[in-house]
Amino acid sequence: MTKVAIIRCEKNEDRCPLTSCFKCLTTATEGFSGYQAAVPAGVFTCRCPGDNVVNLGKILKSKGADTIHFCTCSFAAKTENGWKMEKGGFCDQVDALMEKVHQATGLTCVKGTAHLPEGYVPEKR
């Protein structure tokens, strides 16, 4: 069983209760499609400019997380035609933040949860 944590962006925390992210996690779809059996290990909100993200990753690891997913909304935007990467998401530093968390924790960090843009394959660090 894989314990999966989620880090989301503060810019979306008052609009999204992560319902689709948890549904995809428990059904092993979208960004979580590679897991046989996954359970939530925790959720944190990253605060701009991301200075807290390494500490969040360390806490999630201490709570048993095996991997950390960064929400799709951090790098893609919702449009009338679905989620698109061309419009960008809430965080233009998500790749650098993922790398920092990976380096500090040794955990795999994955870019993507629910609502993956068409053709997008979740990137891992």
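From the N terminus on, the elements of the chain run β-α-β-α-β-β-β-α-β-β, which gives three helices and seven strands, where helices (H or I, at least four residues) and strands (E, at least two) are DSSP runs numbered from the N terminus. Before I go on, please keep in mind that this is a predicted model, in which local features need pLDDT of at least 70 and side-chain atom pairs count only at pLDDT 80 or more, while totals for chains, interfaces and linings use all residues. Residues are numbered from 1 along each chain as its sequence is written, and side-chain values use heavy atoms, with hydrogens and water left out.

Let me begin with the overall dimensions. Along its principal axes the C-alpha trace spans about 40 × 35 × 25 Å. A compact globule with 125 residues would have a radius of gyration near 14 Å, and the chain, at 13 Å, agrees with that; the radius is taken over C-alpha atoms, and the globule rule is 2.2 Å times the number of residues to the power 0.38. Buried residues make up 41% of the 125 residues, where buried means under 20% relative accessible area, exposed means over 50%, and partly exposed lies in between, with a 1.4 Å probe and protein chains only.

Now to the pockets. Rolling a probe the size of a water molecule over the atoms shows where empty space is left. The work is done on a 1 Å grid over the protein atoms alone, and a pocket is an open set of points where a 1.4 Å probe fits, with protein on both sides within 12 Å along at least five of seven lines; lining residues have an atom within 4 Å of a point. Grid points are joined across faces, edges and corners, and a volume is the space filled by probe spheres set on the points.

The largest pocket has a volume of about 270 Å³, and of the 21 residues that line this pocket, Asn12, Cys16, Cys73, Trp83 and His115 are the closest to its centre. Helix H1 (19-27) and strand S4 (77-79) each supply at least two residues of that lining, with H1 giving the most, namely three residues. By type, the lining of the largest pocket divides into eleven nonpolar, eight polar and two charged residues, where Ala, Val, Leu, Ile, Met, Phe, Trp, Tyr, Cys and Pro count as nonpolar, Asp, Glu, Lys and Arg as charged, and the others, Gly among them, as polar.

The second largest pocket holds about 170 Å³ of space, and of the 17 residues lining this one, the closest to its centre are Cys9, Cys46, Cys48, Cys91 and Leu97. Strand S1 (2-9) and helix H3 (94-105) each supply at least two lining residues here, and the largest share, three residues, comes from S1. This second lining divides into eleven nonpolar, three polar and three charged residues.

The peptide bond from cysteine 48 to proline 49 is cis, with omega near 10°, and proline 49 sits in the loop between strand S2 (38-46) and helix H2 (53-62). Histidine 115, in the loop between S6 and S7, has phi near 55°, a positive value in a residue other than glycine, and is partly exposed, with a relative accessible area of 35%. Glutamate 30, in the loop between H1 and S2, likewise has a positive phi near 55° and counts as partly exposed at 36% relative accessibility.

How many aromatic pairs does the structure hold? There is one aromatic pair, and rings of Phe, Tyr and Trp (its six-membered ring) pair if their centres lie within 6.5 Å, with planes under 30 degrees apart counted as stacked, over 60 as edge-to-face and the rest as tilted. The rings of phenylalanine 75 and tyrosine 120 have their centres 5.0 Å apart and their planes at 40°, so the pair is tilted. The two partners are 45 residues apart and link distant parts of the chain, with phenylalanine 75 in the loop between strand S3 (67-70) and S4, and tyrosine 120 in the loop between strand S6 (108-111) and strand S7 (123-124). Phenylalanine 75 counts as buried at 7% relative accessibility, and tyrosine 120 counts as buried at 11%. Lysine 111 lies over the face of phenylalanine 75, at 5.0 Å from the ring centre, the criterion being that NZ of Lys or CZ of Arg is within 6 Å of the ring centre and within 35 degrees of the ring normal.
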